[in-house]
Amino acid sequence: KIILGIESSCDDTSAAVFKNNINLSNVIASQKVHQAYGGVVPELASRAHQQNIVPVVHQALKEARLQLNDLDAIAYTKGPGLLGSLLVGASFAKSLAYALNIPLIEVNHMQAHILAHFIDDEIQKAPDFPFLGVTISGGHTQIVKVKHYFDMEVIGETLDDAIGEAYDKCGKMLGLDYPAGPQIDQLARLGNPHQFQFSKPKVSDLNFSFSGLKTAVLYFLQREHQKNSAFIQENLNDICASFQYTVVQILMDKIFKAVKQTGIKNVAIGGGVSANSAIRKALLQAEEKGKIRAFIPKFEYCTDNAGMIAVVGYYSLLQNRKANTPTGAKARLHLNQL
Ligand code: ATP
Ligand code: FE
């Protein structure tokens, strides 16, 4: 089956063409307009999606060397995400499926971040069921017990900020551009992770909290700034390394706890923050010690991309899951919806 995937939940407009679970093309247009504002501006995102969607779909078809008539189904992100952004992808996908008279498949974006592991690619291997999906992104931080493709249960999540949000907000305090995650990751490589200590939150069960860490960093920077106004400039690498060290500790503690609690050793990370080099390293080290089996997606499939939407479309088709009419977009969508 040839499937067109459409993703427009936040600030990336993406279209992918897949043959079953094989990537023929995966085109991503990242919106630059938001950088000046230090975060995604929903109204601007929606407008940029409108401008990008047609050229991005054309490009995806061109790279796959296929035409609209070759498509067997269209899969699109129904939610969760920014409503104005989702609506652009949803309306486009709906109209095109209707015009071509082919099935339309609704995809849950958070399921897609997890099922991205099933994209058939030499560089990544798919985990066996059951596994623990650890979704770490700009809007979510979840530990998910994945029993089957569409049988998932959230067993832990953040009570406040998402892990990517913590990166982006700390980056903002340090004067870095949005999104700050990749820059902090880079800067941390040259820093000493033990130079500064930030306390870890005390959250019970498998849940997370990142807002306390954010506040701790803020007060710390304010205090040091009073003593030395060039503090950030002079210590940027060490601050980033120490912050990242704390985040990785928080995450790994919960992963080990989840493994112990469920007896499931397969740990598959997903979402934009899974591109982080320190997190990848910590997982591989844990694997070497035999504590877990780590599944780490290819970079291309970590951040928002339509490839992960197309692959969910493929598994949906296999299980005969198609969209009922009427369908559309939903800003808040629980992991088990769809
Ligand atoms: P959600 O999937 O929850 O709706 P989103 O789609 O906005 O949120 P993603 O695109 O999956 O999120 O991820 C974006 C986030 O990933 C940003 O917060 C960004 O800073 C972070 N990120 C990307 N690369 C890295 C990295 N190397 N280290 C840390 N964070 C990173
Ligand atoms: Fe995402």
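What follows covers the packing of these two pairs.

This is a predicted model, where local features need pLDDT of at least 70, side-chain atom pairs count only at pLDDT 80 or more, and totals for chains, interfaces and linings use all residues. Residues are numbered from 1 along each chain as its sequence is written, and chains are lettered from A and ligands numbered from 1 in the order in which they are written.

Two packed helices are described by the angle between their axes and the distance between the axes. Helices here are DSSP runs of H or I with at least four residues, numbered from the N terminus. Axes are lines fitted to C-alpha atoms over the stretch in contact, with angles from 0 to 180 degrees between N-to-C directions.

Start with helix α1, residues 42-63, and helix α2, residues 83-100: their axes come within 7 Å and cross at roughly 20 degrees. That makes α1 and α2 roughly parallel, a label for angles under 35 degrees. On the α1 side the contact includes Pro-42, His-49 and Ile-53, and on the α2 side Val-88 and Phe-92 are among the residues; contact requires C-beta atoms, placed from the backbone, within 7 Å.

Now helix α7, residues 231-262, and helix α8, residues 277-288. Their axes come within 10 Å and cross at roughly 45 degrees. So α7 and α8 are oblique to each other, the class left after under 35, over 145 and 65 to 115 degrees are taken out. From α7, Gln-244, Val-248, Leu-251 and Met-252 meet Ala-278, Ile-279, Ala-282 and Ala-286 of α8.

Terms used: Helices (H or I, at least four residues) and strands (E, at least two) are DSSP runs, numbered from the N terminus. Two residues are in contact if their C-beta atoms, placed from the backbone, lie within 7 Å.
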